[in-house]
Amino acid sequence: MRAFTRSLRRRAGASVPLAYGAWAPGRQSPAYAASRFRPSAWIASTLLAAFLSLPALAVLPNEKLADPAMEARAREISKELRCLVCQNQSIDDSNADLARDLRVLVRERLVAGDSNEQVIAYVHDRYGDFVLLRPPVTGYTALLWGGPFVLLALAGFGTALYMRQRRRDVETMPAPTLTAEEEVRLAALLNDDKPGDGR
Amino acid sequence: MSAVTRHRLLLLLPLAVFLILGGYFALGLTRDPSKLPSMLIDKPAPSFALPGLSEGEKGLSNADLLGKVQLVNVFASWCAPCRVEHPLLMRLAKEQGVTIHAINYKDKPDAAQAFLAQMGNPYTSIGADKDGRVAIDFGVYGVPETYVIDKQGRVRYRHVGPLMPFDVEETILPMIRELSK
(Lines give C-alpha, C1' and ligand atoms only; values in the text may rest on other atoms or scores of the structure.)
Protein backbone atom coordinates (compact mmCIF):
# COMPACT_ATOMS: atom_id res chain seq x y z
CA MET A 1 0.00 0.00 0.00
CA ARG A 2 2.75 2.39 0.97
CA ALA A 3 4.89 1.49 -2.05
CA PHE A 4 1.86 2.02 -4.24
CA THR A 5 1.24 5.51 -2.80
CA ARG A 6 4.92 6.34 -3.17
CA SER A 7 4.96 5.37 -6.84
CA LEU A 8 1.85 7.47 -7.40
CA ARG A 9 3.51 10.36 -5.61
CA ARG A 10 6.59 10.02 -7.79
CA ARG A 11 4.47 10.04 -10.89
CA ALA A 12 2.48 13.06 -9.72
CA GLY A 13 5.72 14.87 -8.90
CA ALA A 14 7.20 14.08 -12.30
CA SER A 15 4.30 15.76 -14.07
CA VAL A 16 4.97 19.16 -12.49
CA PRO A 17 8.16 20.11 -14.42
CA LEU A 18 6.43 19.14 -17.66
CA ALA A 19 3.57 21.52 -16.90
CA TYR A 20 6.07 24.24 -16.07
CA GLY A 21 7.88 23.68 -19.37
CA ALA A 22 4.68 24.09 -21.32
CA TRP A 23 4.17 27.71 -20.26
CA ALA A 24 7.73 28.79 -19.48
CA PRO A 25 8.19 32.34 -20.82
CA GLY A 26 10.22 32.59 -24.00
CA ARG A 27 9.74 28.99 -25.04
CA GLN A 28 6.71 29.46 -27.23
CA SER A 29 5.16 32.45 -29.00
CA PRO A 30 3.17 34.60 -26.47
CA ALA A 31 -0.17 33.71 -28.07
CA TYR A 32 0.59 30.00 -27.88
CA ALA A 33 1.87 30.30 -24.33
CA ALA A 34 -1.26 32.21 -23.30
CA SER A 35 -3.48 29.51 -24.73
CA ARG A 36 -1.56 26.84 -22.75
CA PHE A 37 -1.49 28.65 -19.40
CA ARG A 38 -4.59 27.53 -17.56
CA PRO A 39 -4.50 28.44 -13.86
CA SER A 40 -7.39 26.11 -13.11
CA ALA A 41 -5.51 23.14 -14.57
CA TRP A 42 -2.41 24.11 -12.67
CA ILE A 43 -4.31 24.42 -9.38
CA ALA A 44 -6.11 21.14 -10.04
CA SER A 45 -2.86 19.27 -10.70
CA THR A 46 -1.25 20.81 -7.60
CA LEU A 47 -4.20 19.75 -5.47
CA LEU A 48 -4.06 16.28 -6.99
CA ALA A 49 -0.35 16.02 -6.20
CA ALA A 50 -0.97 17.25 -2.64
CA PHE A 51 -3.75 14.72 -2.20
CA LEU A 52 -1.66 11.86 -3.51
CA SER A 53 1.20 12.73 -1.16
CA LEU A 54 -0.87 12.23 2.01
CA PRO A 55 0.85 9.77 4.35
CA ALA A 56 -0.09 6.15 3.89
CA LEU A 57 -2.61 5.11 6.52
CA ALA A 58 -2.27 1.96 8.54
CA VAL A 59 -5.85 2.17 9.82
CA LEU A 60 -7.97 -0.22 7.80
CA PRO A 61 -11.53 0.67 6.80
CA ASN A 62 -13.02 -2.20 8.80
CA GLU A 63 -11.42 -0.89 12.00
CA LYS A 64 -13.06 2.51 11.73
CA LEU A 65 -15.95 3.56 13.92
CA ALA A 66 -19.18 4.73 12.36
CA ASP A 67 -19.28 7.88 14.50
CA PRO A 68 -16.79 10.37 12.95
CA ALA A 69 -16.29 12.26 16.23
CA MET A 70 -15.42 9.07 18.09
CA GLU A 71 -13.20 7.88 15.23
CA ALA A 72 -11.35 11.22 15.41
CA ARG A 73 -10.79 10.67 19.15
CA ALA A 74 -9.54 7.15 18.44
CA ARG A 75 -7.06 8.51 15.89
CA GLU A 76 -5.90 11.15 18.35
CA ILE A 77 -5.30 8.52 21.06
CA SER A 78 -3.63 6.13 18.62
CA LYS A 79 -1.08 8.79 17.68
CA GLU A 80 -0.05 9.02 21.36
CA LEU A 81 0.56 5.28 21.71
CA ARG A 82 3.74 3.65 20.58
CA CYS A 83 3.71 0.40 18.66
CA LEU A 84 5.55 -2.13 20.84
CA VAL A 85 6.71 -4.10 17.82
CA CYS A 86 8.04 -1.32 15.56
CA GLN A 87 8.94 0.92 18.49
CA ASN A 88 9.44 4.07 16.43
CA GLN A 89 5.94 4.23 15.05
CA SER A 90 2.67 5.02 16.73
CA ILE A 91 -0.02 2.35 16.61
CA ASP A 92 -1.80 4.70 14.20
CA ASP A 93 1.10 4.39 11.72
CA SER A 94 2.08 0.78 12.21
CA ASN A 95 0.98 -2.21 10.18
CA ALA A 96 2.04 -4.65 12.90
CA ASP A 97 -0.57 -7.13 14.16
CA LEU A 98 -0.26 -5.96 17.75
CA ALA A 99 -0.74 -2.34 16.64
CA ARG A 100 -3.93 -3.37 14.87
CA ASP A 101 -5.16 -5.21 17.98
CA LEU A 102 -4.44 -2.13 20.10
CA ARG A 103 -6.24 0.15 17.63
CA VAL A 104 -9.27 -2.09 17.85
CA LEU A 105 -8.96 -2.15 21.65
CA VAL A 106 -8.78 1.67 21.80
CA ARG A 107 -11.98 1.90 19.77
CA GLU A 108 -13.73 -0.69 21.95
CA ARG A 109 -12.83 1.23 25.10
CA LEU A 110 -14.16 4.44 23.53
CA VAL A 111 -17.42 2.76 22.56
CA ALA A 112 -17.65 1.42 26.12
CA GLY A 113 -17.66 5.04 27.29
CA ASP A 114 -14.09 5.63 28.39
CA SER A 115 -12.59 9.11 28.22
CA ASN A 116 -9.40 9.63 26.19
CA GLU A 117 -7.37 9.63 29.42
CA GLN A 118 -8.98 6.41 30.61
CA VAL A 119 -8.16 4.65 27.34
CA ILE A 120 -4.53 5.77 27.51
CA ALA A 121 -4.36 4.73 31.18
CA TYR A 122 -5.77 1.30 30.23
CA VAL A 123 -2.96 0.69 27.74
CA HIS A 124 -0.36 2.30 30.03
CA ASP A 125 -1.34 -0.11 32.86
CA ARG A 126 -0.39 -3.02 30.62
CA TYR A 127 2.61 -1.77 28.71
CA GLY A 128 4.15 0.91 30.93
CA ASP A 129 5.76 4.26 30.13
CA PHE A 130 7.30 2.86 26.98
CA VAL A 131 3.95 2.75 25.22
CA LEU A 132 3.49 6.50 25.62
CA LEU A 133 5.08 8.52 22.83
CA ARG A 134 4.96 11.47 25.25
CA PRO A 135 6.43 9.94 28.42
CA PRO A 136 5.42 11.43 31.79
CA VAL A 137 7.97 13.44 33.76
CA THR A 138 9.26 11.14 36.51
CA GLY A 139 12.62 10.69 38.20
CA TYR A 140 13.46 8.13 35.53
CA THR A 141 12.61 10.38 32.57
CA ALA A 142 13.86 13.64 34.14
CA LEU A 143 17.08 13.53 32.11
CA LEU A 144 15.11 12.95 28.93
CA TRP A 145 12.93 16.01 29.48
CA GLY A 146 15.49 18.23 31.19
CA GLY A 147 18.57 17.20 29.19
CA PRO A 148 18.13 19.68 26.32
CA PHE A 149 17.68 22.59 28.74
CA VAL A 150 20.73 21.55 30.76
CA LEU A 151 22.75 21.40 27.52
CA LEU A 152 21.44 24.82 26.46
CA ALA A 153 22.36 26.32 29.83
CA LEU A 154 25.84 24.77 29.69
CA ALA A 155 26.41 26.02 26.15
CA GLY A 156 25.18 29.52 27.10
CA PHE A 157 27.45 29.58 30.15
CA GLY A 158 30.42 28.45 28.05
CA THR A 159 29.74 31.04 25.37
CA ALA A 160 29.41 33.86 27.93
CA LEU A 161 32.68 32.83 29.58
CA TYR A 162 34.47 32.69 26.22
CA MET A 163 33.14 36.10 25.11
CA ARG A 164 34.15 37.72 28.38
CA GLN A 165 37.64 36.29 28.16
CA ARG A 166 38.02 37.40 24.57
CA ARG A 167 36.95 40.97 25.34
CA ARG A 168 39.41 41.10 28.23
CA ASP A 169 42.18 39.77 25.97
CA VAL A 170 41.53 42.50 23.37
CA GLU A 171 41.45 45.23 26.00
CA THR A 172 44.63 44.21 27.78
CA MET A 173 46.72 42.96 24.88
CA PRO A 174 49.44 45.55 23.96
CA ALA A 175 49.34 46.76 20.37
CA PRO A 176 52.07 44.98 18.41
CA THR A 177 54.95 47.20 17.34
CA LEU A 178 56.02 47.48 13.72
CA THR A 179 59.47 46.58 12.49
CA ALA A 180 61.61 49.28 10.86
CA GLU A 181 60.92 47.80 7.45
CA GLU A 182 57.14 47.91 8.05
CA GLU A 183 57.36 51.54 9.23
CA VAL A 184 59.03 52.51 5.96
CA ARG A 185 56.41 50.67 3.93
CA LEU A 186 53.54 52.19 5.90
CA ALA A 187 54.96 55.71 5.38
CA ALA A 188 55.30 55.03 1.67
CA LEU A 189 51.69 53.81 1.47
CA LEU A 190 50.36 56.81 3.42
CA ASN A 191 52.29 59.31 1.25
CA ASP A 192 51.36 57.58 -1.94
CA ASP A 193 48.72 59.83 -3.56
CA LYS A 194 48.88 58.38 -7.04
CA PRO A 195 45.65 56.30 -7.48
CA GLY A 196 45.98 52.90 -9.06
CA ASP A 197 49.52 52.33 -8.00
CA GLY A 198 49.15 49.37 -5.73
CA ARG A 199 52.71 48.83 -4.60
CA MET B 1 46.37 29.22 36.64
CA SER B 2 48.14 30.88 33.76
CA ALA B 3 46.43 31.39 30.39
CA VAL B 4 48.72 28.82 28.78
CA THR B 5 47.88 26.04 31.26
CA ARG B 6 44.21 26.83 30.82
CA HIS B 7 44.51 26.43 27.07
CA ARG B 8 46.39 23.17 27.52
CA LEU B 9 43.52 21.89 29.71
CA LEU B 10 41.06 22.92 27.03
CA LEU B 11 42.83 20.52 24.66
CA LEU B 12 41.71 17.68 26.94
CA LEU B 13 38.06 18.62 26.48
CA PRO B 14 37.49 16.47 23.36
CA LEU B 15 39.02 13.51 25.18
CA ALA B 16 36.72 14.10 28.15
CA VAL B 17 33.68 14.33 25.86
CA PHE B 18 34.79 11.16 24.09
CA LEU B 19 35.20 9.27 27.37
CA ILE B 20 31.77 10.34 28.62
CA LEU B 21 30.03 9.45 25.35
CA GLY B 22 32.08 6.24 25.02
CA GLY B 23 31.05 5.16 28.52
CA TYR B 24 27.44 5.97 27.76
CA PHE B 25 27.44 3.99 24.52
CA ALA B 26 29.36 1.08 26.07
CA LEU B 27 26.62 0.84 28.70
CA GLY B 28 24.02 1.04 25.93
CA LEU B 29 25.62 -1.93 24.15
CA THR B 30 25.05 -4.14 27.17
CA ARG B 31 21.34 -3.39 27.18
CA ASP B 32 18.74 -4.66 24.77
CA PRO B 33 16.35 -1.83 23.91
CA SER B 34 13.78 -4.31 22.62
CA LYS B 35 13.42 -5.81 26.14
CA LEU B 36 10.86 -3.82 28.02
CA PRO B 37 10.09 -3.97 31.74
CA SER B 38 6.81 -5.65 32.62
CA MET B 39 4.17 -3.64 34.43
CA LEU B 40 3.03 -6.78 36.23
CA ILE B 41 6.16 -7.47 38.28
CA ASP B 42 5.12 -8.25 41.89
CA LYS B 43 1.48 -7.74 40.96
CA PRO B 44 -1.16 -10.44 40.73
CA ALA B 45 -1.59 -11.95 37.26
CA PRO B 46 -4.53 -10.40 35.42
CA SER B 47 -7.80 -12.23 35.85
CA PHE B 48 -8.73 -14.24 32.82
CA ALA B 49 -10.41 -17.46 31.76
CA LEU B 50 -9.41 -19.00 28.47
CA PRO B 51 -10.99 -22.05 26.78
CA GLY B 52 -8.87 -25.08 25.90
CA LEU B 53 -7.54 -25.88 22.44
CA SER B 54 -10.40 -28.21 21.66
CA GLU B 55 -13.92 -28.33 22.96
CA GLY B 56 -14.30 -30.00 26.33
CA GLU B 57 -10.60 -29.63 27.04
CA LYS B 58 -9.66 -27.75 30.18
CA GLY B 59 -8.49 -24.23 29.51
CA LEU B 60 -6.47 -21.87 31.67
CA SER B 61 -7.60 -19.22 34.14
CA ASN B 62 -5.84 -17.09 36.73
CA ALA B 63 -7.26 -19.38 39.44
CA ASP B 64 -4.90 -22.09 38.11
CA LEU B 65 -1.93 -19.87 38.88
CA LEU B 66 -2.34 -20.06 42.68
CA GLY B 67 -0.74 -22.40 45.19
CA LYS B 68 2.68 -23.11 43.75
CA VAL B 69 5.47 -21.55 41.75
CA GLN B 70 4.84 -22.09 38.06
CA LEU B 71 5.58 -20.75 34.62
CA VAL B 72 3.25 -19.27 32.04
CA ASN B 73 4.59 -19.55 28.51
CA VAL B 74 3.05 -17.58 25.65
CA PHE B 75 3.52 -19.49 22.43
CA ALA B 76 2.14 -19.94 18.93
CA SER B 77 2.68 -22.59 16.27
CA TRP B 78 3.53 -19.88 13.71
CA CYS B 79 6.29 -18.51 15.90
CA ALA B 80 9.75 -19.76 14.91
CA PRO B 81 11.57 -18.82 18.16
CA CYS B 82 8.91 -20.85 20.03
CA ARG B 83 10.20 -23.93 18.24
CA VAL B 84 13.71 -23.02 19.31
CA GLU B 85 12.85 -22.88 23.01
CA HIS B 86 10.40 -25.77 23.03
CA PRO B 87 12.90 -28.59 23.74
CA LEU B 88 14.06 -26.59 26.76
CA LEU B 89 10.49 -26.34 28.05
CA MET B 90 10.15 -30.11 27.58
CA ARG B 91 13.25 -30.67 29.71
CA LEU B 92 12.09 -28.19 32.35
CA ALA B 93 8.80 -30.05 32.69
CA LYS B 94 10.21 -33.59 32.47
CA GLU B 95 13.55 -33.35 34.26
CA GLN B 96 12.94 -30.51 36.72
CA GLY B 97 9.26 -31.14 37.30
CA VAL B 98 8.35 -27.51 36.70
CA THR B 99 4.67 -26.80 36.11
CA ILE B 100 4.31 -24.87 32.87
CA HIS B 101 1.03 -23.41 31.67
CA ALA B 102 0.55 -22.04 28.20
CA ILE B 103 -1.28 -19.22 26.55
CA ASN B 104 -1.62 -20.15 22.90
CA TYR B 105 -1.45 -16.74 21.25
CA LYS B 106 -3.55 -15.98 18.15
CA ASP B 107 -3.25 -19.46 16.77
CA LYS B 108 -5.42 -21.99 15.00
CA PRO B 109 -6.22 -24.81 17.45
CA ASP B 110 -5.42 -27.46 14.81
CA ALA B 111 -2.03 -25.90 14.09
CA ALA B 112 -1.28 -25.67 17.84
CA GLN B 113 -2.25 -29.36 18.30
CA ALA B 114 -0.01 -30.36 15.39
CA PHE B 115 2.86 -28.32 16.86
CA LEU B 116 2.51 -30.10 20.22
CA ALA B 117 2.16 -33.51 18.55
CA GLN B 118 5.42 -32.89 16.71
CA MET B 119 7.45 -31.15 19.43
CA GLY B 120 5.95 -32.70 22.57
CA ASN B 121 3.64 -31.15 25.13
CA PRO B 122 5.30 -29.76 28.27
CA TYR B 123 2.18 -27.88 29.36
CA THR B 124 -0.03 -28.74 32.32
CA SER B 125 -2.86 -26.73 30.80
CA ILE B 126 -3.29 -24.59 27.72
CA GLY B 127 -5.55 -21.59 27.22
CA ALA B 128 -6.39 -20.59 23.66
CA ASP B 129 -6.15 -16.82 23.32
CA LYS B 130 -7.52 -16.50 19.82
CA ASP B 131 -7.90 -12.73 19.70
CA GLY B 132 -4.82 -12.01 21.83
CA ARG B 133 -6.74 -10.05 24.46
CA VAL B 134 -5.44 -11.94 27.49
CA ALA B 135 -1.94 -11.49 26.09
CA ILE B 136 -2.54 -7.73 25.97
CA ASP B 137 -3.62 -7.88 29.62
CA PHE B 138 -0.27 -9.52 30.35
CA GLY B 139 1.53 -6.84 28.35
CA VAL B 140 2.78 -9.35 25.78
CA TYR B 141 4.39 -7.64 22.80
CA GLY B 142 6.08 -10.55 21.10
CA VAL B 143 5.99 -14.31 21.35
CA PRO B 144 7.45 -16.27 23.00
CA GLU B 145 7.29 -14.75 26.47
CA THR B 146 7.65 -16.62 29.74
CA TYR B 147 6.38 -15.50 33.14
CA VAL B 148 7.36 -16.80 36.57
CA ILE B 149 4.32 -16.83 38.88
CA ASP B 150 4.75 -17.23 42.64
CA LYS B 151 2.58 -19.18 45.12
CA GLN B 152 0.28 -16.19 45.62
CA GLY B 153 -0.34 -15.92 41.90
CA ARG B 154 1.84 -12.83 41.49
CA VAL B 155 4.04 -12.27 38.45
CA ARG B 156 7.66 -12.20 39.61
CA TYR B 157 9.60 -12.25 36.37
CA ARG B 158 9.09 -11.92 32.67
CA HIS B 159 11.37 -13.23 29.94
CA VAL B 160 10.86 -11.89 26.41
CA GLY B 161 12.02 -14.01 23.50
CA PRO B 162 13.07 -17.65 23.38
CA LEU B 163 14.49 -19.10 26.59
CA MET B 164 18.12 -20.10 26.28
CA PRO B 165 19.85 -22.70 28.47
CA PHE B 166 21.70 -20.01 30.42
CA ASP B 167 18.45 -18.10 31.06
CA VAL B 168 17.06 -21.25 32.62
CA GLU B 169 20.22 -22.15 34.57
CA GLU B 170 21.02 -18.66 35.83
CA THR B 171 17.62 -17.01 36.24
CA ILE B 172 14.54 -19.18 35.95
CA LEU B 173 15.56 -22.24 38.00
CA PRO B 174 17.23 -20.27 40.86
CA MET B 175 14.15 -18.07 41.01
CA ILE B 176 11.78 -21.04 41.15
CA ARG B 177 13.89 -22.58 43.95
CA GLU B 178 13.95 -19.30 45.87
CA LEU B 179 10.20 -18.71 45.53
CA SER B 180 9.33 -22.30 46.42
CA LYS B 181 10.94 -22.02 49.87
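Let me start with B:Tyr105, which is buried, because its relative accessibility is 9% (buried is under 20% relative accessible area, exposed over 50%, partly exposed in between, with a 1.4 Å probe and protein chains only). B:Trp78 has 49%, so it counts as partly exposed.

A word on the source. This is a predicted model, where local features need pLDDT of at least 70 and side-chain atom pairs pLDDT 80 or more, while totals for chains, interfaces and linings use all residues. Residues are numbered from 1 along each chain as its sequence is written, chains are lettered from A in the order written, and side-chain values use heavy atoms, without hydrogens and water.

Now the interface. The contact (heavy atoms within 4.5 Å) takes 15 residues from chain B and 18 from chain A. Together the chains bury about 1300 Å²; that is accessible area, with a 1.4 Å probe, lost on being put together and summed over both parts. Carbon and sulfur atoms hold 52% of it.

Next, charges. There are 3 salt bridges across this interface (a side-chain nitrogen of Lys or Arg within 4 Å of a carboxyl oxygen of Asp or Glu). One joins B:Lys106 and A:Asp101, at 2.4 Å, N to O.

Last, the rings. The structure holds 6 aromatic pairs over all chains. Rings of Phe, Tyr and Trp (its six-membered ring) pair if their centres lie within 6.5 Å; planes under 30 degrees apart are stacked, over 60 edge-to-face, the rest tilted. B:Trp78 and B:Tyr105 make a tilted pair, 6.3 Å centre to centre, with 55 degrees between planes.

Notes:
Buried area = accessible area lost by both parts, 1.4 Å probe.
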